[in-house]
Amino acid sequence: MSVALIWAEAHDRIIGADGGIPWRLPEDMRHFRAQTSGSPVVMGRRTWDSLPERFRPLPGRTNIVVTRRADWAAPGAEVAHSVEDALAAAGDADTVWVMGGAQLYTAALPLADRVEVTEVDLAVDGDTRAPQLGDGWTAEHGEWLTSADGLRYRFVRYLR
């Protein structure tokens, strides 16, 4: 089983502000959907809560929510209490995608062999940062693109 992480980050590794994403980039949402469709996705409870209700659970994917709360439940979500429990809940999937938040990225990073990052060319205030990958990763940088809204971005794949 491959463990892959996926996120979008602005300058200074900013991935969130006040419980949400501080930009709108439809091209990144399409990329996320294309990468994760058909595979289990693992997210923290706050990430689950941040999804608009009409998108919960994310369609075409097993949604596994990691929470410390023993009594937490939500329709369409499988509950896990650790990264290891979440991976076990994914069964024999070829790839499991960790989709946030920051604490879960940090906990899953040592197990990951792939990270998909959308770099957003934007200086923005935020209160949540992506983890630093550290040594041992090779990067495949895509070309810089411009969104329909005028925002520059590119996709970067890290492998180890």
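1. Which helices and strands each supply at least two residues of the lining of the largest pocket? They are β1, β2 (14-16), α1, α2 and α4 (102-108). Helices (H or I, at least four residues) and strands (E, at least two) are DSSP runs, numbered from the N terminus.

2. On the basis of this note: the model is predicted, so that local features need pLDDT of at least 70 and side-chain atom pairs count only at pLDDT 80 or more, while totals for chains, interfaces and linings use all residues. Residues are numbered from 1 along each chain as its sequence is written, and side-chain values use heavy atoms, with hydrogens and water left out.

3. On the largest pocket: its space amounts to about 1,600 Å³. Of its 47 lining residues, Thr47, Ser50, Met99, Gly100 and Gly101 are the closest to the centre. A pocket is, on a 1 Å grid over the protein atoms alone, an open set of points where a 1.4 Å probe fits, with protein on both sides within 12 Å along at least five of seven lines; lining residues have an atom within 4 Å of a point. Grid points are joined across faces, edges and corners, and the volume is the space filled by probe spheres set on the points.

4. On strand β3 (residues 41-44): both of its faces are covered, with Val41 and Met43 buried on one side and Val42 and Gly44 buried on the other. Buried means under 20% relative accessible area, exposed over 50%, and partly exposed in between (1.4 Å probe, protein chains only).

5. On the partners of β3: the strand pairs in the parallel sense with β4 (residues 63-66) over 4 bridges, and methionine 43 has valine 65 as its bridge partner in β4. From β3 the chain passes through helix α2 (residues 45-50) to β4 in a right-handed β-α-β crossover; with the strands pointing away from the viewer, the path from the first strand over the helix to the second runs clockwise. β3 also pairs in the parallel sense with β6 (residues 95-98), over 2 bridges, where valine 41 stands opposite tryptophan 97. Two strands pair if DSSP finds at least two bridges between them.

6. On threonine 95: this residue of β6 counts as buried because its relative accessibility is 17%. Leaving aside neighbours within four places in sequence, threonine 95 is in contact (heavy atoms within 4.5 Å) with Ser2, Ala4, Ser39 and Pro40.

7. On helix α1 (residues 26-36): Glu27, Asp28, His31, Phe32 and Thr36 are buried. They lie on the same side of α1 because they cover an arc of only 150° around the axis. The buried residues of α1 pack against β1 (2-9), β3, β6, β7 (114-120) and β11 (152-159).

How values were computed. The arc is that of the directions from the helix axis to the C-beta atoms.
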